Amino acid sequence: MKKSFGFLLATVALTVASFNVNAQAPASDIPADMNALMSKYTCIACHRPNQRLVGPAYADVAKKKYSNEEIVNLIYNPVPSHWPGYPPMAPMKQVPKEDAMKLAVWINSLDGSPAKKASSSKKSSTSKSTKSSTKKSA
Ligand code: HEC
């Protein structure tokens with residue numbers, strides 16, 4: 001009995017392992033669950049996490065520091081004047097609030113480009129204005 005129980009455990013472990021292997025990551029840097037939502041609601045046609053397509057990169061949206069609720073509202077009622085140089089986005093009212101919120105939370109999590117992530121120990125948030133002289137040297 002003990003033996004077969006051990007075998008059962010091994011089988012379960014194997015099953016879990018192979019399940020993980022099968023759950024392939026999507027080709028790009030989009031998590032599988034977000035990829036599913038992006039595809040379902042066609043966001044993927046115009047948006048990428050770190051790349052400008054028809055619409056802005058989500059990382060750039062994240063930099064605007066909207067609340068999650070604000071992003072949900074913007075999905076339903078885009079404000080094209082926020083993005084000069086882009087065509088206006090059509091209101092995506094068909095997205096259920098729950099899914100819109102999931103996308104919003106993810107979009108906000110993309111703040112800070114991956115390149116910068118590694119060395120982000122500085123506290124000052126003034127890095128935006130690199131060109132303007134922030135130093136007031138005499
Ligand atoms: C047909 C192309 C297209 C599709 C599809 C699309 N977008 Fe957009 N999106 C844009 C463009 C263009 C902009 C910038 C202009 C604007 O905001 O109207 C934008 C802007 C945004 C913004 C920034 C809003 C702001 O005011 O800063 C968010 C957030 C966003 N999209 C999320 C989504 C989500 C989520 C989906 C899917 C449910 C989606 N978009 C589908 C083209 C698209």
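Is Lys65 exposed or buried, judged by its C-beta neighbours inside 10 Å? Lys65 counts as exposed, because its C-beta neighbours inside 10 Å number 9. The structure is a predicted model. Its chain contains six helices and zero strands, and 16% of the 138 residues count as buried.

**Overall fold**

- Along the sequence, the elements follow the pattern α-α-α-α-α-α, in keeping with the count of six helices and zero strands.
- Among contacts in the chain with a separation of 6 or more, 50% are between residues 24 or more positions apart.

**Nonpolar core**

- The largest nonpolar core comprises 18 residues.
- Within this core, the residues with the most contacts are Ile71, Ile75, Ala100, Leu103, Ala104 and Ile107.
- Four helices, α2, α3, α4 and α5, each contribute at least two residues to this core.
- Helix α5 provides the largest share of the core, with five residues.
- Ile75, one of the residues with the most contacts inside the core, touches Met92, Val95 and Ala100 when residues up to four places away in sequence are not counted.

**Helix α5**

- Helix α5 spans residues 97-109 and has 13 residues.
- From its first C-alpha to its last, α5 reaches 18 Å, close to the 18 Å expected at 1.5 Å a residue.
- The buried residues of α5 are Ala100, Leu103, Ala104, Trp106 and Ile107.
- These residues lie on the same side of α5, because they cover an arc of only 165° around the axis.
- An α-helix has 3.6 residues a turn, so residues three or four places apart point the same way.
- The packing partners of the buried residues of α5 are α2 (32-40), α3 (58-62) and α4 (68-76).

**Helix α4**

- In α4, the buried positions are Ile71, Val72, Leu74 and Ile75.
- Viewed down the axis of α4, the buried residues fall within an arc of 165°, so they line one face of the helix.
- The buried residues of α4 pack against α5, and α4 is likewise listed among the helices against which the buried residues of α5 pack.

**Surroundings of the ligand**

- There are 27 residues around the ligand, of which Cys43, Cys46, Gly55, His82 and Met89 come nearest.
- By residue class, the shell around the ligand divides into 22 nonpolar residues, four polar residues and one charged residue.
- Both α4 and α5 supply at least two residues each to this shell.
- Helix α4 gives the most to the shell, with three residues.

**Loop residues**

- Thr42 is located in the loop between α2 and α3.
- Although Thr42 is not a glycine, its phi is positive, at about 65°.
- Thr42 counts as partly exposed, because it has 13 C-beta neighbours inside 10 Å.
- Lys65 is situated in the loop between α3 and α4.
- Lys65 also has a positive phi, of about 60°, although it is not a glycine.
- The C-alpha atom of Lys65 is separated by 7.5 Å from that of Asn108, a residue 43 residues apart from it along the chain.
- Asp111 is placed in the loop between α5 and α6 (114-117).
- Because Asp111 has 14 C-beta neighbours inside 10 Å, it counts as partly exposed.
- Asp111 and Ala59 are 5.3 Å apart from C-alpha to C-alpha, while in sequence they are 52 residues apart.
- Apart from its neighbours within four places in sequence, Asp111 is in contact with Ala59, Ala62 and Lys63.

Methods
Residues numbered from 1 in each chain as written. Predicted model: local features only at pLDDT ≥ 70, side-chain atom pairs only at ≥ 80, totals over all residues. Expected span 1.5 Å × (residues − 1). Buried ≥ 20, exposed ≤ 12 C-beta atoms within 10 Å, placed from the backbone. Arc of directions from axis to C-beta. Contact = placed C-beta atoms within 7 Å. Near = placed C-beta within 6 Å. Nonpolar A, V, L, I, M, F, W, Y, C, P; charged D, E, K, R; others polar. Core = buried A, V, L, I, M, F, W, Y, C linked by C-beta atoms within 7 Å.
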